[in-house]
Amino acid sequence: MNSLEYSPIACQSLQVTVVGAGNVGRTLAQRLVQKNVANVVLLDIVPGLPQGIALDLMSAQSVEEYDNKIVGTNEYEATAGSDVVVITAGLPRKPGMSRDDLLGKNANIVAQAAREALRYSPTAILIVVTNPLDVMTYLAWKVTGLPPQRVIGMAGVLDSARLKAFIAMKLGACPSDINTLVLGGHGDLMLPLPRYCTVSGVPITELMPSQTIAELVERTRNGGAEIAALLQTGTAYYAPASSAGVMVESILRNQSRILPAATYLDGMYGLKDIFLGVPCRLGCRGVEDILEVQLTPEEKDALHLSAEAVRRNIDVALAMVKDS
Ligand SMILES: NC(=O)c1ccc[n+]([C@@H]2O[C@H](COP(=O)([O-])OP(=O)(O)OC[C@H]3O[C@@H](n4cnc5c(N)ncnc54)[C@H](O)[C@@H]3O)[C@@H](O)[C@H]2O)c1
Ligand SMILES: O=C(O)C[C@H](O)C(=O)O
């Protein structure tokens with residue numbers, strides 16, 4: 001053979017659209033292609049930005065040895081046929097702001113992104129990352145009219161991972177030996193559950209005094225704000241991108257991983273018509289199951305308090321996008 005003539009093989013690859021090519025979006029895109037999870041279409045409103053990042057990541061292909069491809073675009077048409085859509089578009093908070101302060105800026109961005117992306121990929125599963133997370137996930141579900149199991153918010157994996165990191169640092173343990181569970185909304189009232197946290201199966205309540213556990217719980221609740229204050233410009237993105245990445249992977253590889261995520265509750269945990277973080281089985285149909293863990297009366301009250309904080313903003317968000 002003296003010439004390189006490739007005959008194209010008709011094959012269909014998995015495709016993920018990532019809306020928003022900022023810190024979280026571009027890092028997620030990198031993770032997905034480097035782990036060979038799927039091809040990625042990276043979309044942003046800024047002309048040239050997603051195209052530049054895509055070209056940079058394609059240039060790393062031979063060095064890092066991955067096969068999946070990434071293209072950048074400003075047009076939703078180019079995202080057609082995606083299996084999963086992840087929305088990371090929107091503003092991050094600045095130090096001193098709460099995530100809820102982003103509602104006014106991000107509601108229309110998320111509503112438009114969800115509608116447009118689903119118009120071109122009508123069978124996709126939608127993962128929302130933009131804050132305020134639980135409200136934006138509800139909004140994306142409402143404006144797309146998708147079955148609720150196909151709309152999922154990313155936060156619980158991140159919050160649980162932060163708690164794992166803090167436990168590992170405190171005990172000098174290996175993070176992958178640690179299991180944690182954080183329920184509720186992705187806000188100041190999230191509910192880390194020490195009773196369900198273990199190191200190689202041993203409850204942390206047997207490994208640390210309650211005062212230390214209380215400090216780690218508080219640090220987890222403030223985990224996002226702690227990083228925002230250190231960075232000064234922007235918020236966390238490596239762990240958020242990793243967290244969204246494992247959710248995408250569990251869906252596309254039908255791994256059935258049980259991961260905490262914002263899902264639609266219709267009676268479970270005594271809550272109705274709300275997206276809130278609880279353990280979900282994620283597979284090829286999206287949320288395949290929701291696990292209802294046993295809660296003490298105090299934990300249940302705390303979960304409901306967190307839900308109320310989310311619920312207060314849902315109507316505000318819906319009113320914002322009503323006429324757009
Ligand atoms: N759920 C979580 O746990 C979690 C974790 C980290 C960040 N976040 C949130 O994710 C969002 C993004 O964070 P980031 O750090 O990547 O911000 P960033 O500012 O780095 O990136 C945001 C990107 O969105 C783009 N964008 C804005 N409007 C758009 C539109 N209409 N269509 C397409 N793209 C648009 C911007 O051009 C920018 O590139 C923020 O709201 C942040 O609070 C959530
Ligand atoms: O803290 C933020 O605003 C970003 C994100 O929600 C996080 O927890 O890192």
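Me: What makes up the shell around ligand 1: how many of its residues are nonpolar, polar and charged?
Reply: In this predicted model, the shell around ligand 1 holds 19 nonpolar, 13 polar and 2 charged residues. Among the 34 residues around ligand 1, Gly22, Val24, Ala89, Asn131 and Pro240 come nearest. Two or more residues each come from α1 (23-34) and α4 (103-120), and α4 gives the most, with 4 residues.

Me: Why is ligand 1 said to lie between domain 1 and domain 2?
Reply: Both domain 1 (15-153) and domain 2 (156-323) give residues to its shell, so ligand 1 lies between them.

Me: What does each domain give to the shell around ligand 2?
Reply: Domain 1 (15-153) and domain 2 (156-323) each supply at least three residues. Helix α8 (residues 223-231) has the largest share, 5 residues. Arg93, Arg99, Gly224, Thr235 and Ala236 are the closest of the 14 residues that surround ligand 2.

Me: Why is Asn131 called buried?
Reply: A residue is buried if 20 or more other C-beta atoms lie within 10 Å of its own. Asn131 has 28 such neighbours, so Asn131 counts as buried. Asn131 sits in the loop between β5 (125-128) and α5 (133-144).

Me: Why is Arg93 called partly exposed?
Reply: Buried needs 20 or more, exposed 12 or fewer, and partly exposed is in between. Arg93 has 19 other C-beta atoms within 10 Å, so Arg93 is partly exposed. Arg93 is in the loop between β4 (84-87) and α4.

Definitions and conventions
Residues are numbered from 1 along each chain as its sequence is written. Chains are lettered from A and ligands numbered from 1 in the order in which they are written. This is a predicted model: local features need pLDDT of at least 70, side-chain atom pairs count only at pLDDT 80 or more; totals for chains, interfaces and linings use all residues. A residue is near a molecule or strand if its C-beta atom, placed from the backbone, lies within 6 Å of it. Ala, Val, Leu, Ile, Met, Phe, Trp, Tyr, Cys and Pro count as nonpolar, Asp, Glu, Lys and Arg as charged, and the others, Gly among them, as polar. Domain bounds come from an automatic or database domain assignment.
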